[in-house]
Amino acid sequence: MQRFASGKLCLDEESLSGESTTASSPCTTPSCEMPIEFVPIVGKAGWALLKEILSSCPEDPDTHLSSPAYYMHTCRKGLWLCKLAGSEGPFAFAGRHPNVEDAWLVFPQPCHVDVNFISRVCALLPKCSGGVRVARIKEGSLPLFEGKSQFQWVEELVLDWRFDCMVLSTQMILEASGSAFSSFRKEKHYIAMEHVESKIVQSEADAAQVKKLFDDWADSVSDQKLFSKDNLIEPNMSGLLMALDPEENVTGVLISYHNEPIGFCAFEVLPGCKTSAGVSMAVNRAIRGASAFCYWEICRHCLQMGFEEFNINGAETESLNAFRRKLKGGLSRSYKIHSFDWVAEGLDHPVSIKAFSKN
């Protein structure tokens, strides 16, 4: 018999910051009734536990698997730690899918993919209509899934690793020299430096400018995305709320041009790491050259803070991936990651994961 913890455990924007956003979804029965093997990652205590667990592991080549802010951001609708063997042995994270109704994501332990353990975690999760997806599996770990009929490889369409993850050299982006950067330099120079203001977001006035940017950005890309305007704004709000919390290692940089906000980026600052992990980014594409300039400016900030690399993660749209190809002259490295759908015993095929948008 499956045992459940008491209460309905749900992480939303309110538990992160004391504020709520319009796009956060309430938990629904039965998915909120978690088995006792799952420990909720909620609020300040959750952040502390997450940092402790991840700091006990070697840094993963996929930087985001070692990033507390990435888990809190991606699983902002609910995040749990699962350690079946008690304090020792492997672990995994399970979270509510940010873009799919009533669906789960399962993340492997950094630097350690135990397929049998992951299968047990998937089997313990409460049943849901949207299915269970195993997330961020690196190319080198694919052979571990061969012959495992309970896992089916799927093309990722709605999360930020549909296209290759890119890790930028902050120094190379800042210099932007050579023929590989010709297109990037041309676009960047549409922005005149004397009219730029760049600052770390700290005040309510700064936050109001960032929110205006989110609204403008969502209007500019809504025809290219699968999601509604509210669903486009919501993940960026998550990044902003993290950046406004002085207790978290997340920095938010607002870039304005002619006193109008054109870009915002939230990135994690982890002590002792050479790579900063990007959390969220929004750019007003109506301003010519804004995208190129904002990447350049964020890399400048990261370099000044001592980071050799800036991991901008993957992309979920062809248009974003096409622009990021202009940054390849500044690549430190890139890598491909994959998704698998878990098939419950007795089913011939996994429950389909489909994106949704709120009207």
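In which loop is the place of H258? H258 sits in the loop between β9 (250-257) and β10 (260-268), where helices (H or I, at least four residues) and strands (E, at least two) are DSSP runs numbered from the N terminus.

Before I continue, a word on the source. This is a predicted model, in which local features need pLDDT of at least 70 and side-chain atom pairs count only at pLDDT 80 or more, while totals for chains, interfaces and linings use all residues. Residues are numbered from 1 along each chain as its sequence is written, and side-chain values use heavy atoms, with hydrogens and water left out.

Let me stay with that loop. The phi angle of H258 is near 50 degrees, a positive value in a residue other than glycine. N259 lies in the loop between β9 and β10 as well, and its phi is near 70 degrees, again positive in a residue other than glycine. For accessibility, buried means under 20% relative accessible area, exposed over 50%, and partly exposed in between, with a 1.4 Å probe and protein chains only. H258 counts as partly exposed because its relative accessibility is 46%, whereas N259, at 66%, counts as exposed.

I turn now to the sheet. Seven strands form an open sheet with mixed pairing, in the order β1-β2-β3-β4-β5-β14-β6; two strands pair if DSSP finds at least two bridges between them. At the edges are β1 (38-40) and β6 (151-154), each of which pairs on one side only. On average, neighbouring strands of this sheet are turned by 30 degrees against each other, direction ignored; the axes are lines fitted to C-alpha atoms, for helices over the stretch in contact, and angles run from 0 to 180 degrees between N-to-C directions. Within the sheet, β3 (residues 92-96) and β4 (residues 104-108) pair in the antiparallel sense over 5 bridges. A94 stands opposite V106 in β4.

Next, the aromatic residues. Rings of Phe, Tyr and Trp (its six-membered ring) pair if their centres lie within 6.5 Å; planes under 30 degrees apart count as stacked, over 60 as edge-to-face and the rest as tilted. By this rule there are 13 aromatic pairs. One of them joins F91 and F93, whose ring centres are 5.6 Å apart and whose planes stand at 70 degrees, so the pair is edge-to-face. F91 is buried, with a relative accessible area of 5%, and F93 is buried at 0%. The rings of F145 and F151 have centres 5.3 Å apart and planes at 85 degrees, so this pair is edge-to-face. F145 is buried at 4%, and F151 is buried at 6%. One aromatic cluster is formed by Y70, Y71, F91, F93 and F107.

Charges also meet rings. A charge sits over a ring if NZ of Lys or CZ of Arg is within 6 Å of the ring centre and within 35 degrees of the ring normal. The charged end of R96 sits over the ring of W104, 5.6 Å from its centre. K188 lies over the face of W296, at 4.4 Å from the ring centre.

Finally, two helices. Helix α8 (residues 229-244) is mostly covered, with 13 of its 16 residues buried. In helix α9 (residues 290-304) we find H301, which counts as buried because its relative accessibility is 10%. Leaving aside residues up to four places away in sequence, H301 touches S198, V253 and F267, contact meaning heavy atoms within 4.5 Å.
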